[in-house]
Amino acid sequence: MSPRATVGIPVYNGEKYLPAALASVREQDEPDIEIVISDNASTDGTEAICRAAAAEDPRIRYHRQGVNRGGAWNFNHLVELASTPYFTWAAADDIRRPEFVRRCLEVFAASDPSTVLVYPRTRIIDAEGRITEDLNDADLACDEPTPHQRMRHFLTAQAAHIFYGLHRTEVLRSTRGIRPVVGNDMVLLAELACRGPFALVPEQLFWQRRHAEQFSAQGQAQVAWHAPRASVRFAFPHTKVSVELLRGVASSDLPPGERLRSLATVPTAWTVPRWRGPAADVWAALGLRPRHQRAAT
């Protein structure tokens, strides 16, 4: 049978957690999947891990890039490589329970046909794989009837993790893709919310790993993940998130009234409540530490 879903694994120097992440994908109880790995010119043992897995499992397609073209490019490249109606990114340090893909497909089948994204509830694990937190996400369906309501829901909840759910591939390809900004997951979710409702799988089937080495824990240095040769000091990463959220809404095919309501949701649900981020951008551009950090020394 032709695969029904693609699991895309973007990786760069992921040898520490990749074996567990890859095993969790290979252990999915949905038989009709393809697994596509895009290795962004890793210099550690990642290539050997991937080639060994591909030799054992005919569902795996391994693509190795000659140079590191940045994380945003790698994520987008996997969507281009997908050959199925449904697609999910699997970070090289996260874990998916065996039912993940199957249950997402089942909820898609039972949901409104306009649904564009389905995701399960999430637990947080640490570097050793121990569960440290159950996210309070039982009401995070984001299935409201209008785009601005859906946007307000996940922006207020800062629910970036739902980005790792199962997408309709054709809808995902209709967006601008992963943008080269910190917070690109929220930007993409905003564009998807303009295209249709989301749906929630009630089981906790996604275990997101949080550890000191992940790029989201690196502050201003996150910029290097998107563009390895970028100037971090003048990047204004947090400010650009709000700008890209607005651009994402503006680029969508919404009626004028709903477009205005969705645009107005960005500052009220995201920018103003998170004002410290843009403020930190200014301090970084001036070569200074934020005021609250200077006061602590």
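Is the crossing of α9 and α10 left-handed or right-handed?

A: The crossing of α9 and α10 is right-handed; the term applies if the near helix is turned clockwise from the far one by less than a right angle, and left-handed if anticlockwise. The structure is a predicted model, in which local features need pLDDT of at least 70 and side-chain atom pairs count only at pLDDT 80 or more, while totals for chains, interfaces and linings use all residues. Residues are numbered from 1 along each chain as its sequence is written, and side-chain values use heavy atoms, with hydrogens and water left out.

The two helices span residues 237-250 for α9 and 256-271 for α10. Helices (H or I, at least four residues) and strands (E, at least two) are DSSP runs numbered from the N terminus. Two packed helices are described by the angle between their axes and the distance between the axes. For α9 and α10, the packing angle is about 165° and the axes are 9 Å apart. Axes here are lines fitted to C-alpha atoms, for helices over the stretch in contact, and angles run from 0 to 180 degrees between N-to-C directions. The helices α9 and α10 are therefore roughly antiparallel to each other (over 145 degrees; under 35 is roughly parallel, 65 to 115 roughly perpendicular, the rest oblique).

On the α9 side, the contact (heavy atoms within 4.5 Å) is made by V241, S242, L245, L246, V249 and A250. On the α10 side, the partners are R259, S262, L263, V266, W270 and T271. By class, the residues of this contact of α9 with α10 divide into eight nonpolar, three polar and one charged. Ala, Val, Leu, Ile, Met, Phe, Trp, Tyr, Cys and Pro count as nonpolar, Asp, Glu, Lys and Arg as charged, and the others, Gly among them, as polar.

The loop between α9 and α10 holds L254. With a relative accessibility of 8%, L254 counts as buried (under 20%; exposed is over 50%, partly exposed in between, with a 1.4 Å probe and protein chains only). Leaving aside neighbours within four places in sequence, L254 is in contact with P147, C194, R259 and S262. R259 and S262 also belong to the α10 side of the contact with α9. P147 lies 107 residues from L254 along the chain, yet the C-alpha atoms of the two are separated by 8.8 Å.

P147 leads on to another helix, α5, which covers residues 147-157. Together with R150, M151, F154 and L155, P147 represents α5 in a contact with α7, where the partners are M186, L189, A190 and A193. The residues of the contact of α5 with α7 comprise eight nonpolar, no polar and one charged. The axes of α5 and α7 are 9 Å apart and the angle between these helices is about 155°, which means that α5 is roughly antiparallel to α7. The passage of α5 across α7 is a right-handed crossing.

Helix α7 in turn packs on α9, at an angle of about 15° and with the axes 9 Å apart. That makes α7 roughly parallel to α9. This crossing of α7 with α9 is right-handed. In this contact, M186, V187, A190 and E191 of α7 meet V241, E244, L245 and G248 of α9. Five nonpolar, one polar and two charged residues make up the contact of α7 with α9.

Within α7, which runs over residues 184-193, lies D185. D185 is buried, with a relative accessible area of 19%. Not counting residues up to four places away in sequence, D185 touches A160 and F163.

As for the whole, the protein has 12 helices and nine strands. Of its 297 residues, 52% count as buried. Among the contacts in the protein with a separation of 6 or more, 76% come from residues 24 or more positions apart.
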